[in-house]
Amino acid sequence: MPTAARSRPAPDAAEHPSGDPRFKLVDKTIQKFHGEKDALLEVLNTAQEVFGYLSQDLMIYVSQQLRVPLARVYGVATFYHLFTFKPLGEHTCIVCLGTACYVKGSGAILATLEKEFDVKAGATTPDGKFSLTTARCLGSCGLAPMMVADGNILARNQADTAVQRVREMLASRWAAAPKEA
Amino acid sequence: MQPSDLQTITHKEQAARAKYRARLLCCGSTACLSSGAAEVRDSLNRTVKLHQLGGEVQVMTSGCLGPCSRGPLVRLQEPGQPDVTYEAVNADLARRIIEEQLIPDLGEPAEPETGPHDLPHLRASLRKARAPRDLQDHMLPADNPFFARQMKVVLALEGQIDPERIEDYIAHGGYGALARVLAMMTPEQVIDEITRSGLRGRGGAGFPTGVKWKSVRGAPGDRKYVIANGDEGDPGAYMDRTVMEDLAHQVLEGMAIAAYAVGAQSGYVYVRGEYPLAVKRLEKAIRAAYRQGLLGENIFGAGFSFDVDIRIGAGAFVCGEETALMASVEGRRGMPRMRPPYPAQSGLWGQPTLINNVETFANIAPILNRGADWYAGIGTEKSKGTKIFALAGKLNNTGLIEVPMGITLREIVYDIGGGIPGGKAFKAAQTGGPSGGCIPAEHLDTPVDYESLKTLGAIMGSGGLIIIDEDSSMPDVARFFMEFCADESCGKCAPCRVGTTQMHRLLQKVLAGHGTPADLTKLERLGQHVKQASLCGLGQSAPNPVLSTLRYFRHEYETLVAGQTQAEGKA
């Protein structure tokens, strides 16, 4: 899941557009499309994947490399949900709010997590430890209601087990997120 | 590659397969992988190695085996015997399937496929009877209604082939339709065949596919495009994801045939960004097809060239709308535009463009392989063929199913779906997600086809089918979808941008117990306005869940506005 890659924020990338190896990956995508302006979405997808989020400097960089106005880069980036503009917390939990999960109670799970960890959906705790996000449907409706905690898919949750599982995640008792097959 | 090379590959594959007396298919789709299918496969492989069965028992990864909520799934196939699917398999059970079901047979000659009719069944039932009780509990026989009531046309090869091997697809007749089309049919004949089959767009609107192809073929322009729409945004639906993950080559073959028919040279598959496995498998399939010469220059030496590339979405429901999708492929904000001109006249970069759903493309090869008349014989008068549904919600068996058009909802819910868990009562089925509507219990015997569902105020949609039981509040379900639409509205036209937000606020007010009967009238009137005045399908269909729940479950709204608090236990 592309969201899994986001769980590792990039601390110093934004300040130094040059000298950071991750820019090479962005450049590679640009070259793959021969620098065509139409490839903006592909380039932003790569940028988000390797940096974890789109900082302002990163968008300026993309704008200059593709020779498209920054306003267009910003306009496109803000239009699509998968792009984020702030680094995510150390741990992330995505609660699926697709229909199948919703009719099986994911709304209550989200509300409980928000209350229990004092963080709104889409936000990160002030200490930068935990981000709570939602998804529209991760397409695994047989596992409803489902969550993804640090890349681990958790099936058939309930409000109380969800809190327990997030606690375990925050206590880092889990192995690092497995790479998507 | 020449058409005869397909045969060579087929013979090689068949010879390789004939060595084995049993095959174990381990489901490798997202749902099973996330419930531990990888460990199951490792265990199967380890056990085969341990007992030195490598030469006679084949373990392979397959596509989705169907009942996703029962995963991880393993299917045992033996020549001449009905398949047995094991549910909720873990590493230990995987080992036991081999040790207790395959080893006692060691040395016994494989049953000839032409044996007496009931013999295989007899053998299978004997074996089942011999199996320990706890192993039996995990068996889903092939005649289980979940499998028996389905009809696999598009998904026929799913669970039969390794989705990541082009040779396996070819060995099952893959790319044969493309070879025949290029060798023996004119583009007009292809279009005529598709028209006669009665195939209609599987994205939801149900536009006749042949008519669409014809208008792209007839449009002037020297550069034309084919796009496969795999931007499945309907929450609760994953038909397209499964088709792309498991049958990527079938989609590519359909696209190539379409390109030949309409006169296009390049194509794109637009995949939803949330589907990394689909992207990976499509990329692999495209590379393999190029390597075999089934994409690219001068395919089958017939002078026809076709290039395919992938475009990945970034999370925008509206991009499922064709003009928005094309804007997104061009790297812009995915906002729809006025039609006409239709994509068939002016689409991608202003060129004539054919855009079909991935499921529609996956129908093409089966139609050309077995003929338009055969296909037109399935389904109802105006809705031909089969439809894939993602069955989810409050059901005993949830998962991916393919059924002939015209099957009743009751058969889907009670036979295939196995009824509602916990003895709860069926309340409604929601089709088409945020663009669709609900179907109440009194219409359970309605045939599932484009027209009948429309009459009920629902739509066929792309195939999401969510079953709702008595525990859920329908106004809350309507609010859920309206919130989704308000959030996903691209903001270009006011009726949708403002209307969906206002409708959502009204629903919130009603659900909070502050509503009045006048609010319900307002919701209905506003709903009609949004439907009629919106620019694209998103806005035009966004009020459907509200209007249809008002139509069938008005009493729930009335209870709410009568000052009562919302029913306990709602989601």
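**Domains, contacts and a helix face in a predicted model**

Chain B of this predicted model is divided into domain 1 (3-148), domain 2 (174-374), domain 3 (386-469) and domain 4 (474-561).

Trainee: How many residues of domain 2 of chain B are in contact with domain 3 of chain B, and which helix gives the most to that side?
Mentor: The C-alpha centres of domain 2 of chain B and domain 3 of chain B lie 27 Å apart. Across this pair, 16 residues of domain 2 of chain B are in contact with 18 residues of domain 3 of chain B. On the domain 2 side, the most comes from one helix, with three residues: α12 (residues 239-246) of chain B.

Trainee: Which element supplies the largest share of the side of chain B that touches chain A?
Mentor: In this interface, 41 residues of chain B are in contact with 36 residues of chain A. At least two residues each come from α2 (30-34), α14 (276-291), β11 (386-393) and β15 (464-469) of chain B. By class, the side of chain B that touches chain A has 17 nonpolar, 18 polar and six charged residues. The largest share, four residues, comes from α2(B).

Trainee: Why do the buried residues of α21(B) line one face of the helix?
Mentor: Helix α21 (residues 494-511) of chain B has 18 residues and reaches 25 Å from its first C-alpha to its last, close to the 26 Å expected. Its buried residues are C496(B), G499(B), T500(B), M503(B), H504(B), L506(B), L507(B) and V510(B). An α-helix has 3.6 residues a turn, so residues three or four places apart point the same way. Seen down the axis of α21(B), the buried residues line one face because they fall within an arc of 165°.

Trainee: What covers the buried residues of α21(B), and which residue just after α21(B) takes a positive phi?
Mentor: The cover includes α20 (474-488), α22 (517-533), α23 (537-541), α24 (544-552) and α25 (554-561) of chain B. Just after α21(B), a positive phi of about 90° is taken by G513(B).

Trainee: What share of the residues in chain A is buried?
Mentor: Chain A has eight helices and five strands, in the order α-α-α-α-α-β-α-α-β-β-β-β-α along the sequence. Of its contacts with a separation of 6 or more, 63% join residues 24 or more positions apart. Among the 181 residues in chain A, the buried share is 44%.

Key. Residues numbered from 1 in each chain as written. Chains lettered and ligands numbered in written order. Predicted model: local features only at pLDDT ≥ 70, side-chain atom pairs only at ≥ 80, totals over all residues. Contact = placed C-beta atoms within 7 Å. Nonpolar A, V, L, I, M, F, W, Y, C, P; charged D, E, K, R; others polar. Expected span 1.5 Å × (residues − 1). Buried ≥ 20, exposed ≤ 12 C-beta atoms within 10 Å, placed from the backbone. Arc of directions from axis to C-beta. Domains from an automatic or database assignment.
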